Amino acid sequence: MNVHYHRYDAVIVGAGGAGLRAAIETVGKCRTAVLTKLYPTRSHTGAAQGGMCAALANVEEDSAEWHTFDTVKGGDYLVDQDAAQIMCREAIDAVIELEHFGLPFNRTPEGRIDQRRFGGHTRNHGEGPVRRSCFAADRTGHMILQTLYQQCVARDVNFFNEYHVMDVEFVDDPQSPAGRRVSSVVAYELATGDLHVFATKAVLFATGGFGKVFKVSSNAHTLTGDGPSLLYRRGVPLEDMEFFQFHPTGIYKLGILLSEAARGEGGILRNAANERFMERIAPTVKDLAPRDLVSRAILTEVREGRGIGPAKDYVHLDLTHLPPEQIDAKLPDITDFVRTYLGIEPKTSMIPIQPTAHYAMGGIPTNIEGEVIVDDQNTVLPGLYAAGECACVSVHGANRLGTNSLLDIVVFGKRGGRAMAEYVQGVDWAGDGNGAEADAVAGIERVKSSTGSQKVSQIRGELQEEMMDKASVFRTEETLASVAATIEDLQERYAHITVDDKGPTYNYDVVEALELGNLIDLSEAVVVGARARTESRGAHFRDDFPERNDAEWMQHTLVTRNESGKVSLSYKPVVGGPYQPMERRY
Amino acid sequence: MTMAPESPTPVADPTTRSPGSRFKLDADGLVDVQVKIKRYNPDVETKPHWETYTVKCEPTDRVLDALHKVKWDIDGTLTFRRSCAHGVCGSDAMVINGANGLACVMLIQDVGPKITVEAIRGLPVIKDLLVDMEPFFAQYRSVLPYLISTKDPGYKERPQSAEERERYDDTTKCILCAACTTSCPVYWGNDEYVGPAAIVNAHRFIFDSRDEAREQRLDILSKRSGVFKCRTAFSCSEACPRGIKITHAIGEVKREILSQQV
């Protein structure tokens, strides 16, 4: 296998919103390489629809403080309040900066950036919905991704397109508080099958989510958690992995996202009796309650026999009362999805929906500068950064509010990029990366030369099915123990997978095998965290422990796998602030 | 409990959607789909060949699902790009039954139980359905596809009226899938032509009231490789999975250049 060596001050892995925003921040300060296994414009940021919240107060009174309150409450008080304050304050700068970068926000009649309602975002600490989401029709993520990519093109950012990250190398360093620091990154070039070692002082992971651990998901096929899983295997802990958001309105069976903007524009959820059931659950904000509550409400309707269809397993999203011109202007893409995939006209027919695996609140633990921390003492591992969905700052706590992910990627992408660019100017090289590729070479050779009988698609299908049935919206010790046993079995079988394609050129057969390994490892982290957490908080709901338990569980989970494969748990306190935990009523 | 005043519309059940008479469903509601694919693997052969596979699909499956069934169940060497699987990332443009489109937005029931798939034309085929996208992105970069503004707007948003915003709305939808450019007969014959996608992305800035580099872009597009290569075949507009009125946009750019020369 050919190996190429490069040397860059900094490497960014992933070219979605977080990676691109970080890249822009390093331009002119250091030599940066941006690696992506796709083309940047294929990244899943582009699938985000509804908007990006910021208390601009362009259309009604609002404040960053209200936004912070909503974020903390929405996250069921597992949010680190210092991080949430920063995000909500810097949201305003971030929107203005995106406008300056050219983002085509929808405008008010006065020519200012328009804003609309979104789930969980309220006026004055919960009095009622507030218009806080800045948007570009229902393709806000597409416009953010395009705009940031355009700015990278303007700045001549160094992209390595279609490079699949394989490994990160650390070297011992007595001066590092963590005992080691980053020295190189290893990636597999899809076009040639060659390996590339990037000797570097720092790496920022921005690899996005891992929703493909679940069967029904809004996530792209390529969202396989490549960053967090490789760090997990290198002994870096993962934080709050048990908190996985199910978006209430995925297209039935397919899981394709129908934005919360549909409800922000007035859409209503209805059960088989045509009842607007969210009025019972959240009398004040109704259909615009946070996603964890709405997803549970939908599946409770289904459980109690009020679902729709032959299997009574879905409910309806009703847009039929909205003016057709409002649908065309504000929700063109999602209504097109409905026409394409369901063959129905959303202006006149109600849309079958079910909750869909959407967003990982947990991930690589970082502080507010994007520096990765490796223990419950917040010890920084020098040179290692993360931002966006693959990271856990934690601004989303146990349940992310709609639009806060687009905000997260631009705010913490920028902060991470800035911190990394400063860091690399003050340190020496940690090595030349020679030999760093050894494990990656072995991993690829093992997959290609295996004569086992296990198929990637078969194992992946079983994993997704099990995770969906037993570790999704409702969980118990029984279901989680069962899925834990399955994962152990799949890990064993994964050692015997075989692929058809043995060649060097664009070998996606091998890539899918590597991605499956990542999905299995991350599923393990999700389930270990979920079994231990004997309470219900945000997106993590235990039928056997249905109450939130602040006395014992107001803490972040850290799950760590050591070199021998043993998994251990530790916990670190939530960063408090002005907001005391209270019951979440909406 | 609050009930809706009346049932607004008949309930549409996706499981009862009629796939049409071309399909003979088996007891599981599946249909045999023949997928004929133009295969080429540079690691083992010197020229392409056709291969036909039969897979079981639901009529509402995507063409992408059929390709996945081939790759996952029959032949893992089949190679194509894909990511989001719902028409927003632009990875899986290919020629399906003779026409350009995204495999993830075309349903089996709409294209029929016999499907022919090959790589998009006009870009070098590397392996199976996967082409070299670099020439395409180089053409995109050549039109300065980013907002250029030298005025310091200060710490505030620049105003833009809803009408000014609407002026370039359509061309902001582009996902750079290359379906348009690789459907263009002029592009097939002349790869120096920047192609429809690059013009779309220039249009997006030329008609943005905040941009200041309109003359530069019009200058680039008035060259031999630019808009006047377009013969108004409308292939690009038909191919666009985002429904962008591309030929119209190209016409607007042509008119801008001509009006400047007067």
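## A tour of cysteines and a helix pair

Start by selecting B:Cys240, which counts as buried at 13% relative accessibility (buried means under 20% relative accessible area, exposed over 50%, partly exposed in between, with a 1.4 Å probe and protein chains only). You are looking at a predicted model, where local features need pLDDT of at least 70, side-chain atom pairs count only at pLDDT 80 or more, and totals for chains, interfaces and linings use all residues. Residues are numbered from 1 along each chain as its sequence is written, chains are lettered from A and ligands numbered from 1 in the order written, and side-chain values use heavy atoms, without hydrogens and water.

A disulfide here is a pair of cysteine sulfur atoms within 2.5 Å, and the structure holds zero of them over all chains.

Hop over to A:Cys152, buried with a relative accessible area of 1%. The closest cysteine sulfur, in A:Cys30, lies 13 Å away, too far for a bond.

Back in chain B, select residues 195-206 (helix α6) and 246-261 (helix α9). Helices are DSSP runs of H or I, at least four residues, numbered from the N terminus. How are these two arranged? α6(B) and α9(B) pack at about 60°, with their axes 9 Å apart. That makes α6(B) oblique to α9(B) (under 35 degrees is roughly parallel, over 145 roughly antiparallel, 65 to 115 roughly perpendicular, the rest oblique).

Finally, show side chains: B:Ile199 and B:His203 are among the α6(B) residues meeting α9(B), whose contacting residues include B:Ile250 and B:Glu252. Contact means heavy atoms within 4.5 Å.

Notes. Axes fitted to C-alpha atoms, helices over the stretch in contact; angles between N-to-C directions. Helix = DSSP H or I, 4+ residues; strand = E, 2+ residues; numbered from the N terminus.
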